[in-house]
Amino acid sequence: MPQNDDVRFTSSSIKLPLFSPPPPLHHHTPNPFLHLILQNLPKFPHPFHQKTEISHTLFKFPHPFHQKFNPQNAILQFLTKPRNINPSPLLCCASIALTQNNLDGPKAGSGNEERVLISEVLVRNKDGEELERKDLESEALNALKACRPNSALTVREVQEDVHRIVSSGYFCSCMPVAVDTRDGIRLVFQVEPNQEFHGLVCEGANVLPARFIEDSFRDGYGKIVNIKRIDEIINSINGWYMERGLFGAVSGIEMLSGGMVKLEISEAEVNNIAIRFLDRTGEPTVGKTRPETILRQLTTKKGQVYSMLQGKRDVDTVLAMGIMEDVSIIPQPAGDTGKVDLVMNVVERKSGGGISAGGGISSGITSGPLTGLIGSCAIYHKNLFGRNQKLNLSLERGQIDSIFRINYTDPWIEGDDKRTSRSIMMQNSRTPGTLVHNQPDGSLTIGRVTAGIEYSRPFRPKWNGTAGIMFQRAGARDDKGSPIIRDYYSSPLTASGNTHDDMLLAKLETVYTGSGDPGSSVFVFNMDQGLPVWSEWLVFNRVNARARKGLALGPMHLLLSFSGGHVVGNFPPHEAFAIGGTNSVRGYEEGAVGSGRSYVVGCGEVSFPLMGPVEGAVFADYGTDLGSGPSVPGDPAGPRRKPGSGYGCGVGIRVDSPLGPLRLEYAFNDQRSGRFHFGVGLRN
């Protein structure tokens with residue numbers, strides 16, 4: 001196939017085949033002006049006359065195609081590109097003859113351009129006959145700018161009008177023919193209209209919706225194919241890919257017999273994904289993490305059309321593993337296959353393990369914030385065996401609180417295709433018992449020894465589920481550490497009557513998280529079921545739910561939160577729902593509103609910017625035990641005269657920090673007493 005190899009684009013190379021123009025009709029009288037036009041006029045190819053081929057080249061981000069394929073611009077660039085034409089001696093003679101024969105004729109213009117008077121301008125088909133469709137004749141005549149009856153024209157002006165006719169988009173060829181008549185020179189533009197559009201064949205579109213293509217071509221059925229409209233459709237298709245970050249575009253278009261249009265789509269499928277470990281200087285190094293551990297985190301798979309948006313999510317996922325310092329994806333062309341190879345460059349953290357220390361404040365302390373200070377230290381490893389498995393040994397110690405925990409987590413169990421994680425935990429803790437059993441004669445703590453295993457996995461976008469089984473032994477101790485079974489008011493501290501309660505709990509939890517931004521929507525539902533494995537073990541069912549919703553009100557932000565729960569069966573009294581405090585009803589001490597078998601707490605809060613990272617807030621809280629306080633074993637709320645319901649309102653400030661929002665608040669309760677509250681993070 002003869003090709004024009006001198007046309008080049010930045011994002012692709014396009015090759016337009018040439019075709020020979022139709023010869024002059026024999027019934028016309030030859031005129032030298034025709035030869036002069038042919039001598040200077042390039043041939044006019046059309047993307048529908050023969051197949052148009054485009055070979056794409058992949059580039060670096062942000063998108064492999066720097067420009068959109070525009071067939072109309074391609075035609076114009078091809079037509080206006082200078083060409084070296086070697087005219088035959090006959091054509092040269094004709095040119096000389098024309099110049100000599102018209103020395104006395106009308107001339108105008110500048111330079112050496114000759115002008116020839118045209119008496120008549122017509123548009124005809126390629127056989128010299130009138131066009132059947134007058135609307136196409138009007139389109140061609142309207143495209144003319146210089147060629148008018150009784151005008152003196154140069155060859156360049158005729159060429160430019162030929163360009164304009166082709167550029168109108170309705171014609172696949174145009175040949176100017178000049179003939180002598182008794183009234184003067186007649187200029188006839190012999191045009192060949194495009195076919196009528198009667199059907200579409202699309203190849204290579206694996207991710208592009210068929211309905212999108214059908215809707216794009218729907219209004220063209222039964223009409224003459226217009227290149228400008230095809231150009232718009234191609235830009236629309238390419239734009240669909242670009243909006244979704246997909247490596248894809250129109251690669252070819254061909255007019256078949258019978259008015260059928262063949263559209264070819266090139267989609268760059270992923271050929272291979274490789275992991276390359278780099279050091280901090282960017283040099284290749286040997287990694288500690290197994291490549292398959294990283295690869296299984298990726299949602300991009302071989303055979304898929306590569307999406308940059310999906311690639312960005314994969315980068316974020318690998319970074320969230322916590323063992324990488326830097327992650328990037330580089331797409332590269334996979335030879336001449338039209339596919340793409342992905343290279344993920346990763347920089348590992350210096351060490352997968354270490355020692356950390358920190359501190360915090362316990363919300364269960366009622367005697368003042370300083371007594372609730374907690375120090376902590378931990379020994380951890382984040383990448384055991386190169387599989388991203390984590391081992392953590394931690395100790396938290398305060399004046400009252402203490403927690404020693406050993407936790408092993410496998411974020412993704414090998415061989416599982418549902419991203420199921422497994423966590424094994426053993427813990428020995430001592431926490432304040434003042435939330436339910438506040439002792440006027442001294443402190444009371446609840447000691448718990450816990451061990452269990454949990455499995456967690458995502459089951460829908462933004463939804464996560466957890467199931468597990470946990471054994472727990474819990475009992476109360478006085479300020480000297482001795483076991484006790486009754487509080488100051490002689491109420492029982494255990495459900496079994498022994499110094500401790502044993503229980504085997506089946507746990508179920510589901511969590512919904514919105515965008516992940518502070519104040520976004522959150523919903524959590526969990527249930528614990530005591531299993532009667534032994535006769536002494538407790539049997540009860542506890543459900544708890546909490547929800548939070550954030551709404552933007554101009555520069556202000558409204559935060560609504562709700563929580564509630566209920567317990568059925570024989571449960572330890574210290575496990576009753578405690579109402580009141582920093583994360584419950586502000587204005588009250590921790591657990592001072594009520595201790596119930598059921599509860600409901602609601603909160604409304606409006607925050608507004610003050611200065612830099614500082615925000616102000618106005619809030620109101622309400623909580624109630626729904627009258628369930630007396631049904632708790634021993635009725636711990638009754639002797640302590642907890643009202644069972646209450647509300648509080650106040651003001652506060654928020655300061656953003658690496659730990660989350662720092663909250664300092666002052667609230668009044670319905671008993672007309674005020675209290676300061678300090679917290680870290682959003683309300684539970």
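## Helices across a sheet

Helix H4, residues 134–143, lies across S3, S5 and S6, and runs at about 150° to S3. Keep in mind as you go that this is a predicted model.

**Exercise 1.** Find which strands helix H5 lies across, and its angle to S5.

*Solution.* Start by locating H5 at residues 155–167.

**Exercise 2.** Work out the strand order of the open sheet, and explain which strands stand at the edges.

*Solution.* Step one is the order: four strands line up as S4-S3-S6-S5, and their pairing is mixed. Step two is to look for strands with a single partner: these are S4 (151–153) and S5 (171–181). Each of them stands at an edge, so one side of each has no neighbour in the sheet. Step three is the twist, which averages 45° from one strand to the next.

**Exercise 3.** Say how S3 and S6 run relative to each other, parallel or antiparallel, and how many bridges join them.

*Solution.* Now take S3 (residues 116–125) and S6 (residues 184–193): they run parallel. Then count the bridges, and you get seven. To zoom in on one residue, pick Arg124, whose bridge partner in S6 is Gln190.

## Rings

**Exercise 4.** Classify the aromatic pair of Trp240 and Tyr241, and decide whether each residue is buried or exposed.

*Solution.* The structure holds 14 aromatic pairs. In the one formed by Trp240 and Tyr241, the centres are 5.2 Å apart and the planes are at 90°. Planes over 60 degrees apart count as edge-to-face, and that is the label for this pair. For burial, the cut-off is under 20% relative accessible area. Trp240 comes in at 10% relative accessibility, so it counts as buried. Tyr241 is at 0%, so it counts as buried too.

**Exercise 5.** Find the residues that form an aromatic cluster with Phe459, and the ring that the charged end of Arg586 sits over.

*Solution.* Then go to Arg586: its charged end sits over the ring of Phe619, 3.8 Å from the ring's centre.

## The whole chain

**Exercise 6.** Tally the helices and strands, and find what share of the residues is buried.

*Solution.* The protein chain has nine helices and 31 strands. Of its 684 residues, 45% are buried.

Technical notes. Residues are numbered from 1 along each chain as its sequence is written. This is a predicted model: local features need pLDDT of at least 70, side-chain atom pairs count only at pLDDT 80 or more; totals for chains, interfaces and linings use all residues. Side-chain values use heavy atoms; hydrogens and water are left out. Rings of Phe, Tyr and Trp (its six-membered ring) pair if their centres lie within 6.5 Å; planes under 30 degrees apart count as stacked, over 60 as edge-to-face and the rest as tilted. Buried means under 20% relative accessible area, exposed over 50%, partly exposed in between (1.4 Å probe, protein chains only). A charge sits over a ring if NZ of Lys or CZ of Arg is within 6 Å of the ring centre and within 35 degrees of the ring normal. Two strands pair if DSSP finds at least two bridges between them. Helices (H or I, at least four residues) and strands (E, at least two) are DSSP runs, numbered from the N terminus. Axes are lines fitted to C-alpha atoms, for helices over the stretch in contact, and angles run from 0 to 180 degrees between N-to-C directions. Contact means heavy atoms within 4.5 Å.
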